[in-house]
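The following note sets out several points on the structure shown below. Please read each point with the chains in view.

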Amino acid sequence: MATHTQVSLPLPFLPEGWSAEKDFKAIGSLTAATQRSIEPVGPHFLAHARRARHKRTFSEDDR
Amino acid sequence: MAAEGQTTGTAPGERHAIGISFGNSNSSIAYTTTEDKAEVIANEDGDRQIPSILSYVDGEEYNGQQAKQQLIRNSKNTVAYFRDFLGKDFKSIDPSHCHASAHPKEFESTVAFEIQDKEGDERSTVTVSEITTRNLKRLAQSATDFTGKQVNSAVITVPTDFSEKQKEALTKAANDAGLEVLQLIHEPIAALLAYDARPESKVSDKTVVVADLGGTRSDVAVIASRGGMYTILATAHDYEFAGVQMDKVLMDHFAKEFIKWNTTDPRENDRSLAKLKLEAEATKKALSIGTNANFSVESLAEGADFASTINRLRYETIARKIFDGFNRLIEGVVKKAGLDVLEIDEVILSGGTSHTPKIASNMRSIFAESTTILAPSTTPTAINPSELQARGAALQASLIQEYEKEDIEQSTHPAVTTVKHLSNAIGVLSITGDESRGVFTPIISAETAVPARRTIHINSPKDGGDVLVKIVEGGSHIKVTKPEPKPKTNGEKNDGEEDEDEDDSDDDPEDVREKVWKVGNVLAEAAVKGVKKGGKVEVMINVAGDLAVTVTCREVGGKGGVRGNLSAP
Ligand SMILES: Nc1ncnc2c1ncn2[C@@H]1O[C@H](COP(=O)(O)OP(=O)(O)OP(=O)(O)O)[C@@H](O)[C@H]1O
Ligand SMILES: [Mg+2]
């Protein structure tokens, strides 16, 4: 895949006493989104449309 | 490129498609080479910008530059500036640009021109639809001659405010010209695609302003470009400030000079006016390259020749109002999108008028230093602004020409194109897990269409260990810092009236404005344990179409990792 954005500022240490099942804590959900129209143009849109029409996910698409 | 695997029914292999940009002032045609590079085609006169003008002399049809020359002697049988009349009723059109060519008139439910387009004296009523068909036929013929293959389909660019009716009218006119319309695409999107398709450009998340400054109109769009997908956030249109107004400034300038030495005003005679206009436009274009330009017309009026020169600075001074108009339009649409100029990553100057160096330098001062200004005078590798739309259209044509008509229609259907867009950025906190002190690093930008997926690699503390990945929403805002007030050293007022006063003084200390992140809603926490010294952590965020989120974190190169889900709101 493409190269990923590199971030140099480091992650913090895990606070003392932090614990969660399988090391993951779900805390919130995303803020409600806005409906907008994407322009049906370009190679990346075509990939999006293909996934949408065949109800495929990104990882299925990667294979 | 990238044709879909499964085609059913009639193979669209018979298509030979081009990209067409069709403006009120100029048309332009482009094709893609076998290396998927878009190139603009020169017509038989050698022009890549082909004036959208048709003229008739003794039943013979002329188009492009040859038709434009006919504006001097044969203006009544010359049709110009008609694109925006398509699909409109007479009452809603602005005919002012047709003052010096065939006048549009009401005809049934549409707009038509009365011209002598056949041999003999008979005049015919030709609808704007028919004129458009003729223009497109000439373009398709030029492309056919150039490529040696019969062109039979096209992607055509349209303004973002083109109505459904206008689109239908254009599609019909193209069909009548023997062209299957594969797709109509928005002009600013075509321009953006032309840039993004360059091999050196990387897929990224950026917010782009496309300023399309043409002959009779200026159109600006703010576009969220996210992973190569484009969403228009705001648009603005202006008919008061565009290329013809800049011609007018030069026409007035030279007309006044002519009057000094002669007795008549060349603007009062149609033929003189037409000559004045053509030369003013040529002078204006020359001023985009040189700092001095000539203006010379044989027998301008009263049989007197006229020659003069003008320098760029003088021109920029007399045209200042128009430049200010462009600035206002562009700043206005950024605001309309709910953004600040600091949030614009790229400005693409498109359209013929965008060759003007002053416009690009104004953009340089309006936008932040980090903003890329793509214009010929600021970026040596910029694409010719007059070619962007046709190139983008050609690229899109090559992307879809192998598709069945049905597939194209399905893909462009609102069921596929209308999707949720993120309200806030999603990112991770660095340095500390404390929301008030941690540094927010965006992973997915606001206004990204979902489903979306992004991955970053982020450093761990120097010696590694157990780290916290805290996923939060972030909103950007603008922080303004007042500088220390400086004592006034000079009392002179700078009213900007002076002719050759280019830069406003930098004496006044300006507020320092910067974009900063504000951490919002906390979404999740994850632990990545035992990261080795100097190790990095990969964080992947996958947002589904319903806004459910999957977060995956692991040490880069490490095994396993942590994975968790957030339910849709
Ligand atoms: N090198 C140049 N320098 C300055 N202005 C130029 C240059 N080249 C073209 N123009 C101007 O650009 C304008 C035409 O722009 P463009 O070709 O984008 O037209 P268009 O999209 O057909 O216009 P319209 O706004 O009328 O629909 C004309 O006013 C022309 O004089
Ligand atoms: Mg245009």
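1. In this predicted model, strand 2 of chain A and strand 25 of chain B, residues 512-531, are joined by three bridges and run antiparallel. One residue illustrates the pairing: Ala26(A) has Ala524(B) as its bridge partner in strand 25 of chain B.

2. The contact between the two chains involves 45 residues of chain A and 69 residues of chain B. On the side of chain A that touches chain B, at least two residues each are supplied by strand 1 (5-7), strand 2 (24-26), strand 3 (34-37) and helix 1 (43-54) of chain A. Helix 1 of chain A provides the largest share, namely nine residues. Sorted by class, this side of chain A holds 25 nonpolar, 13 polar and seven charged residues.

3. Two helices and three strands are found in chain A, and their order from the N terminus is β-β-β-α-α. The radius of gyration of chain A is 18 Å, whereas a compact globule of 63 residues would have one near 11 Å. Along the principal axes, the C-alpha atoms of chain A fill a box of roughly 50 × 30 × 25 Å. Of the 63 residues in chain A, 24% are buried.

4. How many residues of helix 10 of chain B are buried? The count is 13 of 13, so this helix is largely enclosed by the rest of the structure. The length of helix 10 of chain B, residues 388-400, can be checked as well: at 1.5 Å a residue, its 13 residues should span 18 Å, and the end C-alpha atoms are 19 Å apart, which agrees.

5. Strand 14 (residues 218-226) and strand 15 (residues 229-238) of chain B run antiparallel and are joined by nine bridges. Within this pair, Val220(B) stands opposite Ala236(B) in strand 15 of chain B. The two strands form a hairpin with two residues between them. In the turn, Gly227(B) has a positive phi of about 55 degrees.

6. Which residues come nearest to ligand 1? Of the 22 residues around ligand 1, they are Gly23(B), Asn24(B), Gly214(B), Gly243(B) and Gly352(B). Helix 5 (243-261) and helix 6 (270-289) of chain B each supply at least two residues of the shell around ligand 1. The largest share, four residues, comes from helix 6 of chain B. By class, the shell around ligand 1 comprises two nonpolar, 16 polar and four charged residues.

7. Gln116(B) is found in the loop between strand 9 (110-115) and strand 10 (124-127) of chain B. Is Gln116(B) buried, exposed or partly exposed? Gln116(B) counts as partly exposed because it has 18 C-beta neighbours inside 10 Å, and a buried residue would need 20 or more. Leaving aside residues up to four places away in sequence, Gln116(B) touches Tyr56(B), Asn77(B), Asp121(B), Glu122(B) and Arg123(B). The C-alpha atoms of Gln116(B) and Val57(B) are separated by 8.1 Å, although these residues are 59 residues apart along the chain.

Terms used. Residues numbered from 1 in each chain as written. Chains lettered and ligands numbered in written order. Predicted model: local features only at pLDDT ≥ 70, side-chain atom pairs only at ≥ 80, totals over all residues. Rg over C-alpha atoms; globule rule 2.2 N^0.38 Å. Buried ≥ 20, exposed ≤ 12 C-beta atoms within 10 Å, placed from the backbone. Expected span 1.5 Å × (residues − 1). Contact = placed C-beta atoms within 7 Å. Nonpolar A, V, L, I, M, F, W, Y, C, P; charged D, E, K, R; others polar. Pairing = 2+ DSSP bridges. Near = placed C-beta within 6 Å.
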